[in-house]
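Please read the chain below together with its coordinates.

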Amino acid sequence: MKLELHRIEMPLRNVFRISRGEISVQEAVIVELHDNGDSGLGEATRSSYYGHTADSIVSSLEQLAEDLREYEFTTPESLWEFAKDRLSQNYFALSALDQAAHDLYGKRHRTSVFERKGLSWKNVPHSSITVSIASIPEMLEELQGFAGWPIIKVKLGTDDDLAIIQALRRNSDAIIRVDANCAWTVEETIRNSYEFAKLGVEFIEQPLPVHAPIAAKRTVFEESALPIIADESCQREEDVRQCDGLFHGINIKLCKCGGLTPAFRMLDEAHSRRLKTMVGCMIESEVAISAAAQLAPRLDYVDLDGAVLLARQPAQGVKVHRGSIARPVGFGCGVHLDSSLV
Ligand SMILES: [Mg+2]
């Protein structure tokens, strides 16, 4: 197998702010995996929170490339087993490789990933679109641009969180979800949960820091008026078990867990524990969105707006229009590179 790596910069439509910082250009690495005339695509983006840069992703994959040269590809799952220890320090790189392996396998065997997993494109939930942190007038302006989206996800962790949700509620009938990105205390979370429940908020994502005491997480789990979804607290497969009894659901992201191979297993584990399931994304192109969309028929909640937030991106894949996730077209993950943009 041969790895071809493309480093790209993707400008955003608008500056995107969360409780930890802001971004206007996203750096990504697109992986093309070639084998016997077939190829597949995957993607990983930089993330300061998870400590990965485009450089670190490229260098991890370049180190693996030599081992892959003689590797005999059979299934994405066996490649994941082969690569996971070699990329144990960089699951973002592992995710990009695994997405590409799924895409390649599907294109070779003329099946889409979700069909290979026995799923059909029925009852696929709508995706939310994210309103990032800004002044209330700016957030309302951003909201106007999202007219027609049935679900909005609001980034919080400011001094004005309640006023923000009150203002958005006055101006929108959409379902509102909130994401505090670890910025709240136990008391704030419980207080906000009651206020937000009155305003029709559906759930709260990751209110407490990852390293908050277990007792704090349990108090929030038991006393919150709204379901609590783990994001930063649920990164890899082994975290699903830890979330049982401390969260009502989990937000899986391919880059956190290392790709579609573990993501499908995490869904099985979450369902067996009656945890709600969601798949989220980074600000990333239709390469990664098309891969993550393969999980959509099995989810309770979907947050795959990453490519919508970009002004320009290098691929044609699964489209998310006003929350509706189009059925993937073609085989694999249903994505093709726009070669003029990489
Ligand atoms: Mg989140």
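This is a predicted model: local features need pLDDT of at least 70, side-chain atom pairs count only at pLDDT 80 or more; totals for chains, interfaces and linings use all residues.

Residues are numbered from 1 along each chain as its sequence is written, and side-chain values use heavy atoms, with hydrogens and water left out.

The chain contains 12 helices and 15 strands; these are DSSP runs numbered from the N terminus, with helices being H or I of at least four residues and strands being E of at least two. Its radius of gyration is 19 Å, close to the 20 Å given by the globule rule for 342 residues, so the chain is as compact as a globular protein of that length. That radius is taken over C-alpha atoms, and the rule is 2.2 Å times the number of residues to the power 0.38. Along the principal axes, the C-alpha atoms fill a box of roughly 60 × 40 × 40 Å.

Of the 342 residues in the chain, 57% are buried. Buried means under 20% relative accessible area, exposed means over 50%, and partly exposed lies in between (1.4 Å probe, protein chains only). The chain exposes about 14100 Å², of which carbon and sulfur atoms supply 45%; accessible areas come from the Shrake-Rupley method with a 1.4 Å probe, and for residues only the protein chains shown count as cover. Among contacts with a separation of 6 or more, 68% come from residues 24 or more positions apart, where contact means heavy atoms within 4.5 Å.

Next come the charges. The chain has 37 positive and 49 negative charges, and their mean positions are 4 Å apart. Lys and Arg count as positive and Asp and Glu as negative, without His and the chain ends; each charge is placed at NZ of Lys, CZ of Arg, CG of Asp or CD of Glu.

Side chains of opposite charge can pair when their charged atoms come close. How many salt bridges does a search of the whole structure find? The search finds 26, a salt bridge being a side-chain nitrogen of Lys or Arg within 4 Å of a carboxyl oxygen of Asp or Glu.

One of them joins the side chains of E27 and R7, at 3.6 Å from N to O. E27 lies in strand β2 (residues 21–35) and R7 in strand β1 (residues 2–18), so this pair ties together parts 20 residues apart in sequence. E27 is partly exposed at 24% relative accessible area, and R7 is partly exposed at 46%.

R86 and D67 form another salt bridge, with their closest N and O atoms 2.9 Å apart. Since R86 sits in the loop between α2 (76–84) and α3 (91–109) and D67 in helix α1 (residues 54–68), the pair ties together parts 19 residues apart in sequence.

K153 also forms a salt bridge, with E205, the closest N and O atoms being 2.9 Å apart. K153 in strand β5 (residues 151–155) and E205 in strand β7 (residues 201–205) are 52 residues apart, so named as distant parts of the chain. Both K153 and E205 are buried. Salt bridges with shared partners join K153, K155, D179, E205 and D303 into one network.Strand β4 (residues 129–131) holds V131, which is buried at 0% relative accessibility. Leaving aside neighbours within four places in sequence, V131 is in contact with M139, E142, F146, I152, K153, V154 and K155.
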